[in-house]
Amino acid sequence: MPQKKEVTQMADVLAVSPHLDDAALSCGATLARWAAEGRDVLVYSAFAGLPEPPFPPAAQRFHELWQLHDDPVRARRAEDEEAMRDLGVTESHGPFLDEIYRDAADEADVARELELVIGRLIEAHRPETVLTCSALGLHKDHVLARDATVRAAVSSGTPLLLWEDLPYGVWTRERPPLPDGRSWGPTVVTEVGADAWKTKITAVARYASQYAMLSYRETPIEDQLERHARTLARGSGVAEQVWTVV
Ligand SMILES: [Zn+2]
């Protein structure tokens with residue numbers, strides 16, 4: 001009888017992104033650097049589920065802003081595939097519906113299911129490091145993704161880093177407490193280098209549908225990101241920051 005083929009693929013890093021674009025915006029240069037160093041990086045975007053029409057009015061307003069009408073999330077997935085290729089990482093798109101398409105009554109189920117799915121991803125890929133957002137800015141989907149990832153990483157004993165949600169981090173320091181009595185560890189600021197930064201900006205530009213929304217108060221998103229990255233680096237290049245969990 002033939003041996004059952006091993007189908008799980010190892011990944012050195014598992015990054016859990018709430019939405020299609022958060023990983024690239026928040027820590028794209030760090031991911032590009034790791035990929036360039038030969039690390040296998042898998043980016044799982046949790047809230048990338050394909051919604052069915054009719055869409056709620058709030059979602060229709062976003063579609064208007066994004067200039068996407070027929071199959072908006074499929075179009076956003078295609079943008080993400082290009083961005084992830086730029087960064088040199090592998091993407092995976094989760095089935096969870098973005099908050100704008102979701103029934104508020106389903107939140108507890110989503111939280112439970114998300115933790116199970118991330119736990120399974122950790123089991124299948126055995127990453128050395130798990131990375132997710134900090135939920136700076138308090139977006140509901142960011143809090144759900146962060147809490148589920150923290151719980152799954154802690155229960156599997158996998159080292160965990162939380163990225164600074166961008167562009168939220170440009171204007172807010174507000175972040176909800178971590179789940180299960182965990183606390184914020186030291187901040188790690190890393191100068192990422194000009195090449196990785198350039199790669200990040202190329203990747204961010206792939207999310208064409210999000211550009212109007214991200215270019216806050218007439219400031220293009222790449223300028224917001226660069227100004228922030230230069231401030232973090234305190235005069236020597238560009239940096240991104242993450243937090244540890246203790
Ligand atoms: Zn997001």
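Okay, let's start with L138, which lies in the loop between β4 and α5; helices here are DSSP runs of H or I with at least four residues, strands are E runs of at least two, and both are numbered from the N terminus. Before I go on, this is a predicted model, where local features need pLDDT of at least 70, side-chain atom pairs count only at pLDDT 80 or more, and totals for chains, interfaces and linings use all residues. Residues are numbered from 1 along each chain as its sequence is written, and side-chain values use heavy atoms, with hydrogens and water left out.

L138 has a phi near 65°, a positive value in a residue other than glycine. L138 is partly exposed, at 37% relative accessible area; buried means under 20%, exposed means over 50%, and partly exposed is in between, with a 1.4 Å probe and protein chains only. A135 also sits in the loop between β4 (129-133) and α5, and its phi is near 70°, again positive in a residue other than glycine. A135 is buried, at 0% relative accessibility.

For context, most residues other than glycine have a negative phi, and most peptide bonds are trans. On the peptide-bond side, the one from P53 to P54 is cis, with omega near 5°, and P54 is in the loop between β2 (41-45) and α2. The bond from L166 to P167 is cis as well, with omega near 10°, and P167 belongs to the loop between β5 (160-163) and α6 (168-171).

On to the aromatics. The count comes to five aromatic pairs, where rings of Phe, Tyr and Trp (its six-membered ring) pair if their centres lie within 6.5 Å, with planes under 30 degrees apart called stacked, over 60 edge-to-face and the rest tilted. One of them is F62 with W66, centres 5.7 Å apart and planes at 40°, so that pair is tilted. These two are four residues apart in helix α2 (residues 57-66), so about one helical turn separates them. F62 is partly exposed at 29%, whereas W66 is buried at 5%.

Another is W184 with W243, which is edge-to-face because the planes are at 80°, with the centres 6.2 Å apart. W184 lies in strand β6 (residues 184-191) and W243 in strand β7 (residues 239-245), so the pair ties together parts 59 residues apart in sequence. W184 is partly exposed at 22%, and W243 is buried at 5%.

And then R175 comes in. Its charged end sits over the ring of W184, 3.6 Å from the centre, and R175 also lies over the face of W243, at 4.8 Å from the ring centre. The rule there is NZ of Lys or CZ of Arg within 6 Å of the ring centre and within 35 degrees of the ring normal.

Last bit, the whole chain. It has nine helices and seven strands. The radius of gyration, taken over C-alpha atoms, is compared with a globule rule of 2.2 Å times the number of residues to the power 0.38. The chain's value is 18 Å, close to the 18 Å from the rule for 246 residues, so it is as compact as a globular protein of that length. Buried residues make up 51% of the 246.
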